[in-house]
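Here is a short briefing to read alongside the model. Have the viewer open as you go through the points.

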Amino acid sequence: MVWLVFAPAIALAQPEPPSAEIPRALGEPRDTWTDPNPGVRHLSRRYASPPIRVHALVVDTRVEGVRVVATEEAERWGTVTDFASSRGAAAAINGGFWGLWQSPHGITAGGGALWDRSTPDPDFGHFGVLEGGRGVVHAPGEGEDPSSLARLHDAVAGRPVLVTGGQVDTARLDGFETANLRQPRTAIGVSRVGRTFVLAVVDGRQGHSVGFTLYQLARLLVELGAHRAINLDGGGSSAMYIANEGGVVTSPARGRW
């Protein structure tokens, strides 16, 4: 919420949004790849200077039995562990933004149905899975017409779009007020044909990991094959669960979530 306070003879100027990336040095990463399930590859990446911990999943839905789904409305407010356990899922990440009265910001869907209070929001795009299983990432104003929404099976809103056409979307990031901050991050991307998904979670706000800027997050997604990608809810909620690797593999800044 933003409060605007007016007083006689006082003017408070809003800070200007960043106009370009502020360089943030990264040392050489140490990567470990595992295969927790058929069609699912897990990257555990460590940077020593500054300390950063990254987890990413590359999910190939062309492998039989592999699909990506989003939370149904009746399942809202659970943790990633709750959701994964109830679904018997191989893996899960957090996502979605909340407004007043537990209403979602932007387009949100699960189980083939839009949430009751899911409506377009001019500030939010969305990641979606169509009826046939193909993944899409839409910027605000895209994929919101009745025909597109009717084909949408699962969706999670987010902002900003990070990757467009296989490149870091600097035009969007340069105008986003927190793009240069190091924070815990959660994001998702899709390949050009929409059959491979890249899910990324970065620990932050902790001694072992200072977090990523949105520019760094976008470059990671491009490296892992995302043709288009979007930032999901991050901060203290950022978490990744992998069933065959012991559950939550990240270190959420707030603990439970």
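In which strand does Ala229 lie? Ala229 belongs to strand β14, residues 228-231, where helices (H or I, at least four residues) and strands (E, at least two) are DSSP runs numbered from the N terminus.

This is a predicted model, in which local features need pLDDT of at least 70, side-chain atom pairs count only at pLDDT 80 or more, and totals for chains, interfaces and linings use all residues. Residues are numbered from 1 along each chain as its sequence is written, and side-chain values use heavy atoms, with hydrogens and water left out.

**Around Ala229**
- Ala229 is buried, with a relative accessible area of 0%; buried means under 20%, exposed over 50% and partly exposed in between, with a 1.4 Å probe and protein chains only.
- Leaving aside residues up to four places away in sequence, Ala229 touches Val137, Val161, Leu162, Val163, Ile188, Gly189 and Leu221 (contact means heavy atoms within 4.5 Å).
- His138 is 91 residues from Ala229 along the chain, yet their C-alpha atoms are separated by 8.7 Å.

**Helix α4**
- In α4 (residues 214-223), 7 of the 10 residues are buried, and Leu221 is one of them.

**Helix α1**
- The buried residues in α1 include Val80, Phe83 and Ala84.
- Viewed down the axis of α1, its buried residues fall within an arc of 95 degrees, so they line one face of the helix; the arc is that of the directions from the helix axis to the C-beta atoms.
- Among the elements covering these buried residues are β4, β15 (240-242) and β16 (247-248).

**The largest pocket**
- The largest pocket holds about 1200 Å³ of space. A pocket is an open set of points on a 1 Å grid over the protein atoms alone, where a 1.4 Å probe fits, with protein on both sides within 12 Å along at least five of seven lines. Grid points are joined across faces, edges and corners, and the volume is the space filled by probe spheres set on them.
- Its lining has 46 residues (those with an atom within 4 Å of a point), and the closest to the centre are Val69, Thr71, Phe83, Ala92 and Ile93.
- Elements giving two or more residues to this lining are β3 (52-60), α1 (80-87), β4 (91-93) and β9 (152-158).
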